[in-house]
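Here is a short report for a reader who is new to this model.

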Amino acid sequence: MPDWIKSRIRTIPDYPVKGIMFRDITTLLQDARGFRKAVDEMVYDFAGQKIDKVVGIEARGFILGGAIAHQLSVGFIPVRKAGKLPFETHSQTYTLEYGTDELHIHTDAILDGEVILLVDDLIATGGTAEAAVKLIQKCGGRIAGASFVIDLPDLGGAQKIRDMGVKVHALCAYEGH
Ligand code: AMP
């Protein structure tokens, strides 16, 4: 299964900067069976659990998260960069390699106690997912787990999220950056 997924992911060396191996999932998404299988597998670990809503992280988390929400027949909530959401938001700052960035969620997106599945394409250092977990918690949501297509375990992000008490599931892993 990981090989089946990996054969549909394209790697672009030195993008967007030298030294980064960019894992491009557009080749997976444009493959009808690949897209469907990825979505099926991303919810598989959470089958039988009650999930009220899916939260997807801008931007590739929207594509996967929207499809997963549709599959589960639940609502979808976008977590977006600063200045993109029109209503009142909660915000969370997180650290990047150079400097900081901010993620936002609408304050009325999650009802108190709702169970959330967090979705993104890839987890690297885990800074982005950690900020999303904190936003969900600020809204009063409980997190069933976080689901990714790709884990880069050498960067420690998945472990960081597990250490926050959140179950992490990824379809495949790559060594290094
Ligand atoms: P991080 O916060 O370090 O876990 O980074 C995760 C976010 O950055 C995800 O939204 C990914 O889409 C993106 N990202 C980080 N590293 C890569 C990579 N090597 N290839 C593709 N996307 C990446």
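Sorted by class, the residues that line the largest pocket are 18 nonpolar, 7 polar and 9 charged. The model is predicted. The space in this pocket comes to about 1,200 Å³. Its lining has 34 residues. Closest to the pocket centre are Ile 20, Leu 96, Leu 122, Ala 124 and Thr 128.

Which elements each supply at least two residues of this lining? They are E2, strand E5 (89-95), E7 and H5. E7 has the largest share, with 4 residues.

**The ligand**

The ligand sits in the largest pocket. Around the ligand are 14 residues. The closest of them are Asp 120, Asp 121, Thr 125, Gly 126 and Thr 128.

By class, the shell around the ligand holds 6 nonpolar, 4 polar and 4 charged residues. Three elements each give at least two residues to this shell: strand E2 (21-24), strand E7 (115-123) and helix H5 (127-138). Which element gives the most to the shell? It is E7, with 4 residues. E7 also supplies the largest share of the pocket lining.

| Residue | Protein atom | Distance to a ligand oxygen atom |
|---|---|---|
| Asp 120 | polar side-chain atom | 2.8 Å |
| Asp 121 | polar side-chain atom | 2.8 Å |
| Gly 127 | polar backbone atom | 3.4 Å |

How much of the ligand does the protein bury? Taken alone, the ligand exposes 490 Å². The protein buries 82% of that area.

**The backbone**

Now turn to the chain itself. Where are the cis peptide bonds listed here? One runs from Tyr 15 to Pro 16, with omega near 0 degrees. Pro 16 is placed in the loop between strand E1 (10-13) and E2. E2 is one of the elements that supply the shell around the ligand.

The loop between E1 and E2 also holds Asp 14. Asp 14 is not a glycine, yet its phi is positive, at about 60 degrees.

Another cis bond links Glu 58 to Ala 59, again with omega near 0 degrees. Ala 59 lies in the loop between strand E3 (53-57) and helix H4 (60-72).

**Putting it together**

Start at the pocket and find E7, which gives 4 residues to its lining. Then find the ligand, which sits in that pocket. Last, go to the loop between E1 and E2, where Asp 14 and Pro 16 lie.

Definitions and conventions. Residues numbered from 1 in each chain as written. Predicted model: local features only at pLDDT ≥ 70, side-chain atom pairs only at ≥ 80, totals over all residues. Heavy atoms only, no water. Near = heavy atom within 4 Å. Polar contact = N/O pair within 3.5 Å; in protein donor to acceptor, adjacent residues only side chain to side chain. Areas by Shrake-Rupley, 256 points an atom, 1.4 Å probe, with all protein chains shown as cover. 1 Å grid on protein atoms, 1.4 Å probe; cavity = no way out; pocket = protein on both sides within 12 Å on 5 of 7 lines; lining within 4 Å. Sits in = over half its atoms within 2 Å of the grid points. Nonpolar A, V, L, I, M, F, W, Y, C, P; charged D, E, K, R; others polar. Points joined across faces, edges and corners; volume = space filled by probe spheres on them.
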